[in-house]
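Here is a short briefing on one structure.

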Amino acid sequence: MKITNVKVIFLKKKLNATMAISRGGFNVRSHTLVQVETDEGITGLGEGVGNAVLVKSILEGQMAEAARGLDPMNIEMVREKLLEDQVYFERKGSAVCAASAIEMACWDIKGKALNVPVYQLLGGLYRDKLEAYVSDIYWEKDLVKMAKNAERILKMGFHAIKAHIGRESPQSETERVKALREVAGSKTPLMIDLNAGYKPLEALQAARLWEPYNPFWIEEPLKPSPIRAFTTLRSRTKIPIAAGENEFGLEGFKQLFDQKAIDVAMPDIGRAGGLLETKNICTLAQSYGVEVSPHNFSSGVLLAATLHLMASTPNTRWLEWDTSGNAVYEELFIEPLQVKDGFVGIPDQPGLGVQLKKEILEKFSEKV
Ligand SMILES: [Mg+2]
């Protein structure tokens, strides 16, 4: 089989309200998808997660051409050709996101060609449903609104919630952490995502102030580098530290593990280098005793890849789940996903189990 064409599809969804996090807010969700076509008529979907405009231009400028002629069944070869040969000048960044999209689509094609779901190609089912944590509690000036959103999610039957905090000082955010813990009760895991909003000293203060409210983890308390700042923070707090959504490749994650920077690794399949690279990152994490909760905050294509990876990989836990309705998400699945009591089922169709229907394309497709 040969790749004959890589079509880049840009989906955009305007939000009703701004989603606020420590670094600001956004009012549009964008997804950069690829549809990889082959000489045998089988097509596959993939997604590159990053700066949508940059990822799109790298795909159209060079990566699509480099993929043409490769056999999508030979994923190790595709991985090397796109991830090693094509990123000579850019070891990390949008080029890796673009390669990740094509690599992901190859798994979709291979699953369809062999008539098996992608999890079968990744080791088979280790579990048949995934426990979700819901990550769409956004920062609000009015903490009652934040608490109400947490309440809404818990009423839907989910067992774990994540709030985006860190717009204000650690002292002033403490009341939000307290209010959320009150709503969640003592047993529900409450994750805090700082979206890289604090300086090292602020993060240390935050950890000290929030320890009494038992956050399940603090995510991206600091900017992705220097890694050493994570190591210092982690050595001085009891709260587990999660990060990695901005990290690339096996080598990038090895640095995080070697420097004892994190308790939970969060590779994004559409950014870290694709499914095979992320599976390798999970295996490496296992050898360091680190759990993996993949970053999963984009369209249903990334979600599908994340479901197949987590279903087949023992040291993964906590599926990131978005109930906001802001992304082009569950509507991309061929069969509706089973979501029950906070658990999400695994697609069973050949490939990733997603499709881009004409209606969806017409409704959300937009030119950059
Ligand atoms: Mg995050």
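Helices (H or I, at least four residues) and strands (E, at least two) are DSSP runs, numbered from the N terminus. This is a predicted model: local features need pLDDT of at least 70, side-chain atom pairs count only at pLDDT 80 or more, and totals for chains, interfaces and linings use all residues. Residues are numbered from 1 along each chain as its sequence is written.

**Helix α3**

- α3 covers residues 94-114, 21 residues in total, and reaches 31 Å from its first C-alpha to its last.
- That is close to the 30 Å expected at 1.5 Å a residue; the expected span is 1.5 Å times one less than the number of residues.
- Of the 21 residues of α3, 19 are buried, so the helix is largely enclosed by the rest of the structure.
- A residue is buried if 20 or more other C-beta atoms, placed from the backbone, lie within 10 Å of its own; it is exposed if 12 or fewer do, and partly exposed in between.
- N115 follows α3 and has a positive phi, near 60 degrees.

**Domains**

- The domain assignment gives domain 1 (3-116 + 359-364) and domain 2 (120-350); such bounds come from an automatic or database assignment.
- The C-alpha centres of domain 1 and domain 2 lie 22 Å apart.
- 36 residues of domain 1 are in contact with 35 residues of domain 2; contact requires C-beta atoms, placed from the backbone, within 7 Å.
- On the side of domain 1 that touches domain 2, elements giving two or more residues include β1 (3-21), β2 (24-38) and α2 (75-85).
- α3 gives the most to that side, with 11 residues.

**Overall fold**

- The protein has 13 helices and 13 strands.
- Its C-alpha trace spans about 60 × 40 × 40 Å along the principal axes.
- Of its 368 residues, 50% count as buried.
- Among contacts with a separation of 6 or more, 73% join residues 24 or more positions apart.

**Nonpolar core**

- The largest nonpolar core has 112 residues, of which L59, I102, I161, I262 and A265 touch the most other members.
- Such a core is a set of buried Ala, Val, Leu, Ile, Met, Phe, Trp, Tyr and Cys residues joined through C-beta atoms within 7 Å.
- α3 supplies the largest share of this core, 12 residues.
- The core draws at least three residues from each of domain 1 and domain 2.
- Leaving aside neighbours within four places in sequence, L59 is in contact with V6, V8, V34, A64, A98 and A101.

Conventions
Two residues are in contact if their C-beta atoms, placed from the backbone, lie within 7 Å.
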